Structures are given as structure tokens and as C-alpha cells.
Amino acid sequence: MEFECSALSLWREALSSYSSRIQSLNKPNLVSLDDFYRNALPSLLHQRNPSPFMTTSELSDLMRWKLTRGKWRPRLLDFVSALDEAVVKSASQKAFQALPDISKAMSELTVLKGVGPATASAVLAAYAPDVAPFMSDEAMVAALGNSKDYTLKQYLLFVNKLQEKAKELTAEGETFTPSDVERALWSGAVGAKLPSSQSDPDLKTDKSKNPNKRKRKR
């Protein structure tokens with residue numbers, strides 16, 4: 001999926017294929033973790049308005065989703081799972097209240113051990129997908145040309161580009177959020193790696209492994 005593409009039909013197709021791409025990875029529990037992240041967690045967070053927060057258990061499940069969809073790094077999960085409940089609640093509450101100031105919101109979250117910019121972006125995207133997209137490797141490569149620089153500065157550039165693309169696609173007559181753009185880019189990248197025989201959304205493959213090569217802490 002080329003980021004510069006302006007064909008709404010191709011973006012719609014990539015986004016609608018997201019669930020089948022998740023299945024195609026054949027990773028343990030990824031389907032249920034993705035359902036938690038995209039459906040259950042946002043609902044839980046908004047039920048806590050006007051002072052939404054995230055629990056340590058929810059943050060652990062979010063981290064499990066992030067690592068399963070990408071590269072498994074168990075130490076990060078260990079760090080997050082050991083965080084004090086009150087600390088996670090306070091940090092996430094401050095972050096959500098800081099929105100739409102993404103820079104401030106990210107800073108509130110990255111004080112937590114094990115939570116880098118990419119994980120912080122996933123937290124914000126769960127609560128405000130219309131503002132903050134998840135900082136995935138695939139979408140970073142598509143939008144910025146690389147996925148090696150996991151910094152706040154790089155994330156803000158990423159957010160700006162995805163917000164602009166979301167506005168462009170929405171102007172075409174269909175509502176797209178920055179998070180929709182991220183998922184479409186991720187779906188397109190994963191789909192491009194699938195063998196042609198697996199292009200049918202109903203087929204699954206265990207040949208599609210996500211060869212991410214992250215060297216920096218996320």
C-alpha cells in the first residue's frame with residue numbers, strides 16, 4: 001500500500017482486509033488479543049469518562065497484543081506487568097486528559113518502565129483513534145520511509161502525516177481516522193508478503209512471519 005495513493009477504493013480494501021491479515025499470521029491468541037485491543041479496551045476506557053484510565057492488567061494485555069502482532073520481546077511484558085496499579089492509573093489518566101496535546105500525553109506515559117513511544121502510541125490510539133495512531137513498523141515505513149527511529153519527534157511527524165491522510169480520505173466521502181490509515185498500511189504491508197495462493201481472505205498461512213528487525217527499545 002503506497003502512502004501517496006489517493007484511490008479511496010484501495011484504502012477501503014486494505015482496511016477491510018485487516019482482520020484476515022491478522023488471521024494470516026497464525027500467531028497464538030493474536031485474533032483474540034486484537035479483538036480486545038480494537039473493541040473491548042476502547043469501550044472500557046470510555047466507560048470511565050470523564051476521567052478515563054488504564055489498569056496494569058489492561059496495559060499488559062495491550063503490550064501482549066503489540067508484541068504478538070510484531071516482534072516478541074518478553075522483557076517488556078515483564079516490566080509492564082510488574083508496574084504498580086496506582087502508578088499506571090495515574091500516568092494513563094494524565095495522558096488521556098492531556099489530549100489532544102500528543103507530545104504531553106506521550107511524555108506522561110513513557111515514564112512507565114517498559115513503555116516506549118511505540119507502546120505509548122498504542123495506549124493513546126486505544127482511547128483516541130481519531131487523534132493518535134499506533135506507531136507500527138509497517139506504517140512508519142510507508143509514511144516516513146523507515147521504522148528505526150522510535151522517538152517522540154519521529155512519532156509527531158508520523159501523526160501529522162497520518163492525520164493529513166485521514167482528512168484527505170474522509171474528504172472523498174468516507175470517514176477515515178489516523179488509526180484506520182495505520183491499519184490499512186499495516187494490512188497492505190502484510191498482504192504484500194503473502195504468497196499469491198493465500199490472497200483469499202478466508203485462507204490462512206503459517207508461512208507469513210513478520211521479519212521485523214527492531215534494534216532500538218520501543
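**Close-up views of salt bridges, core and helix contact**

**View 1. E164 and K167 lie three residues apart in helix 10 (residues 152-170), a separation of about one helical turn.** The model shown in this and the following views is predicted. The two side chains form a salt bridge in which the closest N and O atoms are 3.8 Å apart. E164 has a relative accessible area of 43% and is therefore partly exposed. K167, at 56% relative accessibility, is exposed. The structure holds eight salt bridges, one of them being E164 with K167.

**View 2. K165 and E168 are joined by a salt bridge with an N to O distance of 3.3 Å.** Both residues belong to helix 10 and are three residues apart, about one turn of the helix. K165 has a relative accessible area of 4%, under the 20% cut-off, so this residue counts as buried. E168 is partly exposed, its relative accessible area being 31%.

View 3. R183 is buried, with a relative accessible area of 17%. D180 is likewise buried, at 15% relative accessibility.

**View 4. The largest nonpolar core contains 65 residues.** W11, L59, I102, L124 and V181 have the most contacts inside this core. Helix 8 (residues 117-127) gives the most to the core, with eight residues. In soluble globular proteins, nonpolar side chains tend to be buried together. Leaving aside residues up to four places away in sequence, I102 touches L124, V131, A132, Y155, L156, V159 and Q163.

**View 5. Helix 4 (residues 56-69) and helix 8 (residues 117-127) make a right-handed crossing.** Their axes come within 10 Å and cross at roughly 115°. On the helix 4 side, the contact involves L59, L62, M63, W65 and K66; on the helix 8 side, A118, T119, A122 and V123. These residues comprise seven nonpolar, one polar and one charged.

View 6. E58 touches F36, L41, L44, L45, R48 and F53, not counting residues up to four places away in sequence.

How values were computed: Residues are numbered from 1 along each chain as its sequence is written. This is a predicted model: local features need pLDDT of at least 70, side-chain atom pairs count only at pLDDT 80 or more; totals for chains, interfaces and linings use all residues. Side-chain values use heavy atoms; hydrogens and water are left out. A nonpolar core is a set of buried Ala, Val, Leu, Ile, Met, Phe, Trp, Tyr and Cys residues joined through side-chain atoms within 4.5 Å. Buried means under 20% relative accessible area, exposed over 50%, partly exposed in between (1.4 Å probe, protein chains only). Helices (H or I, at least four residues) and strands (E, at least two) are DSSP runs, numbered from the N terminus. Contact means heavy atoms within 4.5 Å. Axes are lines fitted to C-alpha atoms, for helices over the stretch in contact, and angles run from 0 to 180 degrees between N-to-C directions. A crossing is left-handed if the near helix is turned anticlockwise from the far one by less than a right angle, and right-handed if clockwise. Ala, Val, Leu, Ile, Met, Phe, Trp, Tyr, Cys and Pro count as nonpolar, Asp, Glu, Lys and Arg as charged, and the others, Gly among them, as polar. A salt bridge is a side-chain nitrogen of Lys or Arg within 4 Å of a carboxyl oxygen of Asp or Glu.
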